[in-house]
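Please open the model in a viewer and keep the selection panel at hand.

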Amino acid sequence: MKVKELVSKQEIIAAFPVMKQLRTHLTESAYLDLVTEAQRVDRYRLFAWMEDEKIVAVAGVKPMTTLYYGRFVWVCDLVTDEKHRSKGCGEKLLNAVHHWAVGEGYESVALSSGLQRKDAHRFYMDKMGYDQVSFVFKKTL
């Protein structure tokens with residue numbers, strides 16, 4: 001078991017079946033385009049938790065600097081393959097993201113989670129020690 005950063009086109013595509021479980025609206029082509037653009041424009045990084053050379057969890061993160069959080073890492077995407085949920089894979093991957101963020105000099109890690117994802121909220125707060133510090137608002141243009 002290990003964490004691997006996915007950087008090549010083949011590695012990114014290999015993560016799509018797991019990512020699709022969270023981002024159900026994306027086609028493989030749209031996913032690849034968005035990841036590639038986010039890597040180029042936003043310093044997006046894609047990490048995977050591997051078991052027997054198979055991707056079982058994926059985290060997409062983006063280093064950011066803002067006036068309210070300072071230097072931090074935003075977790076854009078975090079999903080564990082449905083066959084591997086509740087086995088600690090997401091926890092291990094998110095802990096690896098925390099470790100990477102500290103090593104890179106970031107002060108915190110933040111994320112948002114859909115209102116309907118009650119199990120995820122319990123995971124973030126109870127297991128991972130996150131605080132709920134805000135609501136996220138969105139306006140479609």
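Predicted model: local features only at pLDDT ≥ 70, side-chain atom pairs only at ≥ 80, totals over all residues.

Residues are numbered from 1 along each chain as its sequence is written, and side-chain values use heavy atoms, with hydrogens and water left out.

**His98.** Select His98, which sits in helix H4 (residues 89-103); helices (H or I, at least four residues) and strands (E, at least two) are DSSP runs numbered from the N terminus. Leaving aside residues up to four places away in sequence, His98 touches Val109, Met128 and Tyr130, where contact means heavy atoms within 4.5 Å.

**H4 and H5.** Now display H4 together with helix H5 (residues 118-127). Their axes come within 12 Å and cross at roughly 55 degrees; axes are lines fitted to C-alpha atoms, for helices over the stretch in contact, with angles from 0 to 180 degrees between N-to-C directions. H4 and H5 are therefore oblique to each other, as angles under 35 degrees count as roughly parallel, over 145 as roughly antiparallel, 65 to 115 as roughly perpendicular and the rest as oblique. For the contact itself, select Gly90, Glu91 and Leu94 in H4, which meet Phe123, Tyr124 and Lys127 in H5.

**Largest pocket.** Move to the largest pocket, which holds about 1,300 Å³ of space. A pocket is an open set of points on a 1 Å grid over the protein atoms alone, where a 1.4 Å probe fits, with protein on both sides within 12 Å along at least five of seven lines; lining residues have an atom within 4 Å of a point. Of its 42 lining residues, Leu22, Asp77, Leu78, Val79 and Tyr124 are the closest to the centre. Helix H3 (28-42), strand E4 (70-80), H4 and H5 each give two or more residues to this lining.

**Second largest pocket.** Finally, select Leu111, Ser112, Ser113, Gln132 and Ser134, which lie nearest the centre of the second largest pocket among its 23 lining residues. Strand E5 (108-111) and H5 are the elements that give two or more residues to that lining. The space in this pocket is about 770 Å³.

Conventions. Points joined across faces, edges and corners; volume = space filled by probe spheres on them.
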